[in-house]
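Here is a friendly tour of one model. Take a look at the sequence and the 3D view, then read on.

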Amino acid sequence: MIEVKNLVKEFSTDNGTLRAIDDVSFKVNKAEVFGIIGLSGAGKSTLVRCINKLEEPTSGEIIIDDVPILELNNEELLKHRKDIGMIFQSFNLFMQKTVYDNIAYPLKIVDTPKDKIKARVEELLKFIDLEDKKDNYPAQLSGGQQQRVAIARAIATNPKILLSDEGTSALDPANTKSILELLKKIVEKYHMTIIMITHQMEVAQDICDRIAVMENGKIIEENTTDELFKNPKHSMTRSFIKNLGSNNSETEVLAKDFDNPIYRLAYLDSNYKEAVLSQCIKKFDVDINLIAGNINRIKDKAVGYLIVEFIGNDTDNAIEYLRSLNVSVEEVKNE
Ligand SMILES: Nc1ncnc2c1ncn2[C@@H]1O[C@H](COP(=O)(O)OP(=O)(O)OP(=O)(O)O)[C@@H](O)[C@H]1O
Ligand SMILES: [Mg+2]
């Protein structure tokens, strides 16, 4: 339902032309959550700003539900804007307006009748579970609550698309989780399509159906989330995945399926050598059962992890030995 074709956006700067978006094409289906990840300056914000026409692309096409939005006249464009909601890292609420008035605002500017506004705002307050805060001002809310209000405001007019530019980046893990749950509920209940820009790989993994990786204005890799994590092709993607903690589903192995404790060995830099494990087996009275793993060579370094089961009496010494070689060793416990 969203199709971006050969999109280019150039900025003129003092140092000449800067190509922030360089021939980008992708499609997003209805009620899909599409992630865009990439380093700072990759062009992610510029891309979503082109989609909601805050930025005029230099060339290319953007088609939303069969409408080529770059060809719309001003009046048509206003209508189109209503179809796109957006949330930001910094919430961007109106600080002088109450929660109720923040959510009502986009409905007021399209001249919605008062009773309809009231009904919709009350529905949304319930949906974001903040009915009791409707008369509060944003400064009286936590960050997570403010973002819930920003989301309610963004979806008030029932847009087809919700764009999130680092919408969870300013939140702690608990609030991030609750915002992600809310976004999932939005897809379920309102069948909205979401484009999520995030530098938080765990966020992308949690909520996105598919992910595109951007570098220097280009999409360098795009795949379903599962495939991207299982089989990242580009070194940039691998380095993003490498930065994830051990508690992601890719490494999820059920400890109870094994007779002995299992461990996650992480090779943080060039210390991975197959020899490390065989040395360990030779030196100590242990055997090592390899359960899962993912070791990538990035430039001349190896990064990644192995999930292993130690079998034998000398496990503690073996672990100490590995740690002395700068391998991180953590027991995998999952209740
Ligand atoms: N209005 C502008 N004028 C000139 N250059 C711009 C403008 N907006 C963005 N850029 C440049 O375009 C490139 C892409 O910027 P963009 O904000 O899209 O990156 P980003 O991927 O969102 O980065 P971040 O993760 O830091 O938010 C950068 O080099 C930036 O400096
Ligand atoms: Mg940005």
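## Contacts with ligand 1

The backbone of Ala-42 has a polar atom 3.2 Å from an oxygen atom of ligand 1, a polar contact being a pair of N or O atoms within 3.5 Å. For Gly-41, a polar backbone atom is 2.8 Å from a ligand 1 oxygen, and for Gly-43 a backbone N or O atom lies 2.9 Å from one. On its own, ligand 1 exposes 630 Å², and the protein buries 60% of that (areas by the Shrake-Rupley method with a 1.4 Å probe).

This is a predicted model, where local features need pLDDT of at least 70 and side-chain atom pairs pLDDT 80 or more, while totals for chains, interfaces and linings use all residues. Residues are numbered from 1 along each chain as written, chains are lettered from A and ligands numbered from 1 in written order, and side-chain values use heavy atoms, without hydrogens and water.

## The shell

The residues around ligand 1 include Phe-11, Leu-18 and Lys-44, each with a heavy atom within 4 Å. By class, the shell has five nonpolar, five polar and one charged residues. Asp, Glu, Lys and Arg count as charged, Ala, Val, Leu, Ile, Met, Phe, Trp, Tyr, Cys and Pro as nonpolar, and the others, Gly among them, as polar.

Key: A polar contact is a pair of N or O atoms within 3.5 Å; within protein, one must be able to donate a hydrogen and the other to accept it, and residues adjacent in sequence count only if both atoms are side-chain atoms.
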